[in-house]
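I open this notebook to keep track of what I look up, one entry at a time. Each entry begins with a place in the chain and then asks what is around it.

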Amino acid sequence: MARLARLAAAHGVCTSYDPAPGRTLTVPDDTIVAVLAALGVDASTPQAVRKALERHAREEAARLLPPTVVVRAGGAPPPEGVRPVTVRGVLPPLPEGTVLRAETEDGRGLEWDTGPSGDGERLPLGCHTLYAQAPDGRTGRAALIVAPDRFPPVRDRSFGLLVQLYSLLSSRSWGMGDLADLADLAAWAGRATGAGFIQLNPLHAAVPAAEGETIDPSPYRPSSRRFADPVHLRIEEIPEYAYLSGEARARVEELLARARELRESTLTKDGSIDRDAVWALKRQALELVRTVPLSPGRRVAYCDFLAQQGQALEDHATWCALAEVHGPDWRSWPSGLGDPRSARTARARTELLDRVDFHSWLAWLTDAQLARAQRTARDAGMSIGLVHDLALGVHPLGAEAWAQQDLLAPGMSIGAPPDAFSPRGQDWGLPPWRPDALAATGYAPYRSLLTGLLRHAGGLRIDHVMGHFRLWWIPEGRPPTEGTYVRYDAEAMLGVLALEAHRAGAVVIGEDLGTVEPGVRGELAGRGVLGTSVLWFERDYERRRHPQCEVPQPLDPQDWRADCLATATTHDLPSTAARLSGEHVELRARLGLLTGTLAAEQSQDALETAEWMAHLSRLDLMQEGAGDEESEIKAVYRFLARTPARMVGVWLPDGVGDRRPQNVPGTSDEYPNWRLPVADGDGRPVTLEELVASPRLRNLLRTVREELHGPWEAPCPAQDHPERVSFPDVR
């Protein structure tokens, strides 16, 4: 239907896509109709399509301004965006004589002359309001986002650690890694190894488990991306903890003893992290700590935090309080409570005020410990510090989905179309943001989300950064093969991201692995967003240096892109030791994930690994000799350091020979995803104290640093004497 295609195009819904160069697939009509319905457009019949097209044409003709206008600031933006800068960008066509006036976010009014002189085109960076008055009497109002042309740059090349925080247990943590462990690791890595950053998994708040169930351990299906999960708190570092006495102190000591047992159980061979048990203990301890009154200074700091976070925190804490009473699935709550703005929800918030305050207090405590971790990283000499990770979406039952129902597309899920790695496609179970609803708010939800994440960060990794351009929507009840792409306003999305990154002085790394639309990587690189390059995937596909080879050869280091984070693996891929040994193929076979025979896949994997090892040997990177696992892992990271990549990421488990992936895509209960502590090559968990004393890890990090910056002497003499390595009592 030509009309259906026109209607789909008007709303950013794709009617075809290219799964591979030279191959185009048509999207089924019923998929397009379902996606349009999720966008509030009725296309169920030919008559409905005709009416929808007519209505869209009328609305476009009557509208003077779009909901949001984004312009880029030309030249280098001034600090804090205080001094006005000349903007460049294309406004929608306006009738001749239209007067534009901008009201800045600080309340100033500016006339905006779009004529040849451009005298009025001086606006500060920020999120403003644009008013238009046409000669025919029509008026318009739009959110006006003035964003930097480029993202903050990485000033100096650096290396850092890639860490799944939950997996980093110390002798003091309660069964999983916490924010005090993060601060300790940052202090050691910055001072003793010269590392410039630590990239983390998402620390977002998880959906609590329903009765009889367990918490979803995936950090990429959170309840809220706006607030960190209090399970990461170190209880003993909360100031009020020191003032517990009497029965409360005795009960906390009992909890500490149980936490020690839990930690020891996790640290046994083949032990796994029990997030539910950790949270059960910490929650009891937090209830006790809360009985200690805040000091006057602490009380006013808490009140300031509440005021700063506003509606977002009130919604999050209200959902948490309601979930305690009615369970986490808000769709099954009593009538009225499913609406965050209903009168019944307002009454329930008042009735549950103490519990709302409890969860607000948890958010404040977690924010404070995150702040301490970032301060520690910077004080230790890290040029960037913490790099947080922004998940693509949220759990459909969680707090963010409840609070932002009007922004999410009902009955839709984000995923990926079929490709060589996932022939059936993927459904990630995350409801997508509606592009039209985001624009109508001036992208306020995205701005708020970024502001919160960047409060205590030197960088931000964006999972599936291609989602700023388009996302694969899958109608509920249908397989991923029957989805389609929906386009977003990339200029607006990237503009908001650039503005908030500029305000925070944070670098941005886009995870751009997998299927990437042509032109996207170029656009991101042109704006200063770093990409993600994984060694095993970087081959000379253009055959620039090896035109005679039928199979693309490993890409030479000098041919890598500079604007990227270069690494050997990610949380979804095998560790380097497993890759070198081929154990990851055996694991996938045991889990039933192979598409071919075990022998065939082992043969192909061994061939690809051998090609890379031969390449490293030709480049004289096997300085300790081939055939030794530790030496080969060093050679891999020497290679990464020889690329022009601005950031080199060392997967922390690679430093001790861990063979277990943290996550195996395509599995759930078959494998302990997101529940494994860092372990050595034999599967024995390794504590933070053992990690920093490990000669193997220290030698690997020294190798990377010297390849990047030349000879390095650690300022801490204890590094040469592992038995003397210790941490101060931070309580």
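**Entry on glutamine 199**

I began with the neighbours of glutamine 199, and, leaving aside residues up to four places away in sequence, I found that it touches Leu161, Leu162, Val163, Val387, Arg461, Ile509 and Leu565. I noted that the model is a predicted one, and that I am therefore reading computed values throughout. Glutamine 199 belongs to strand E11, which covers residues 197-200. Is glutamine 199 buried or exposed? Its relative accessibility is 10%, and because buried means under 20%, glutamine 199 counts as buried.

**Entry on leucine 185**

Next I looked up leucine 185, which is found in helix H4, residues 179-193. Its relative accessible area is 1%, so leucine 185 is buried. Which residues does leucine 185 touch, if those up to four places away in sequence are not counted? I listed Leu161, Val163, Leu168, Ile198 and Leu688. I then wrote down a distance through space: the C-alpha atoms of leucine 185 and alanine 377 are 8.6 Å apart, although the two residues are 192 residues apart in sequence.

**Entry on the whole chain**

After two single residues I stepped back to the chain. I counted its secondary structure as 20 helices and 23 strands. The radius of gyration is 27 Å, close to the 27 Å that the globule rule gives for 731 residues, so the chain is as compact as a globular protein of that length. Along the principal axes, the C-alpha trace spans about 80 × 80 × 50 Å. Of the 731 residues, 57% count as buried. I also looked at contacts between residues at least 6 apart in sequence, and 71% of these join residues that are at least 24 apart.

**Entry on helices H1 and H3**

I turned to a pair of helices, H1 (residues 2-10) and H3 (residues 46-62), which pack at an angle of about 40° with their axes 10 Å apart. That angle makes H1 oblique to H3, because angles under 35 degrees would count as roughly parallel and those from 65 to 115 as roughly perpendicular. The crossing in which H1 passes H3 is left-handed. On the H1 side the contact is made by Arg3, Leu4, Arg6, Leu7 and Ala10, and on the H3 side by Val49, Arg50, Ala52, Leu53 and His56. When I sorted the residues of this contact of H1 with H3, they divided into six nonpolar, one polar and three charged.

**Entry on helices H12 and H13**

For a second pair I took H12 (residues 444-453) and H13 (residues 490-504), whose axes are 10 Å apart and whose packing angle is about 30°. H12 and H13 are therefore roughly parallel to each other, since the cut-off for that word is an angle under 35 degrees. Their crossing is right-handed. Here Tyr446, Arg447, Leu450 and Thr451 of H12 meet Met493, Val496, Leu497 and Glu500 of H13. The residues in the contact of H12 with H13 come to five nonpolar, one polar and two charged.

**Entry on two positive phi values**

Which value does phi take at aspartate 270? I read it as near 65°, a positive value in a residue other than glycine. Aspartate 270 lies in the loop between helix H5 (246-266) and helix H6 (275-289), and with a relative accessible area of 58% it is exposed. Tryptophan 674 is not a glycine either, and its phi is positive at about 60°. The loop that holds tryptophan 674 runs between strand E23 (647-651) and helix H19 (688-692), and at 7% relative accessibility tryptophan 674 counts as buried.

Where in the chain is tyrosine 541? I placed it in the loop between strand E21 (531-534) and strand E22 (564-567). With 52% relative accessibility, tyrosine 541 counts as exposed, and its C-alpha atom is separated by 7.6 Å from that of glutamine 553, twelve residues apart along the chain.

Last I looked up arginine 588 in helix H16, residues 583-590. Arginine 588 is partly exposed, with a relative accessible area of 31%. Not counting residues up to four places away in sequence, arginine 588 touches Leu593 and Leu594. Arginine 588 and tryptophan 333 are 255 residues apart in sequence, and from C-alpha to C-alpha they are 40 Å apart in space.

Conventions. Residues are numbered from 1 along each chain as its sequence is written. This is a predicted model: local features need pLDDT of at least 70, side-chain atom pairs count only at pLDDT 80 or more; totals for chains, interfaces and linings use all residues. Side-chain values use heavy atoms; hydrogens and water are left out. Axes are lines fitted to C-alpha atoms, for helices over the stretch in contact, and angles run from 0 to 180 degrees between N-to-C directions. Helices (H or I, at least four residues) and strands (E, at least two) are DSSP runs, numbered from the N terminus. Angles under 35 degrees count as roughly parallel, over 145 as roughly antiparallel, 65 to 115 as roughly perpendicular and the rest as oblique. A crossing is left-handed if the near helix is turned anticlockwise from the far one by less than a right angle, and right-handed if clockwise. Contact means heavy atoms within 4.5 Å. Ala, Val, Leu, Ile, Met, Phe, Trp, Tyr, Cys and Pro count as nonpolar, Asp, Glu, Lys and Arg as charged, and the others, Gly among them, as polar. The radius of gyration is taken over C-alpha atoms; the globule rule is 2.2 Å times the number of residues to the power 0.38. Buried means under 20% relative accessible area, exposed over 50%, partly exposed in between (1.4 Å probe, protein chains only).
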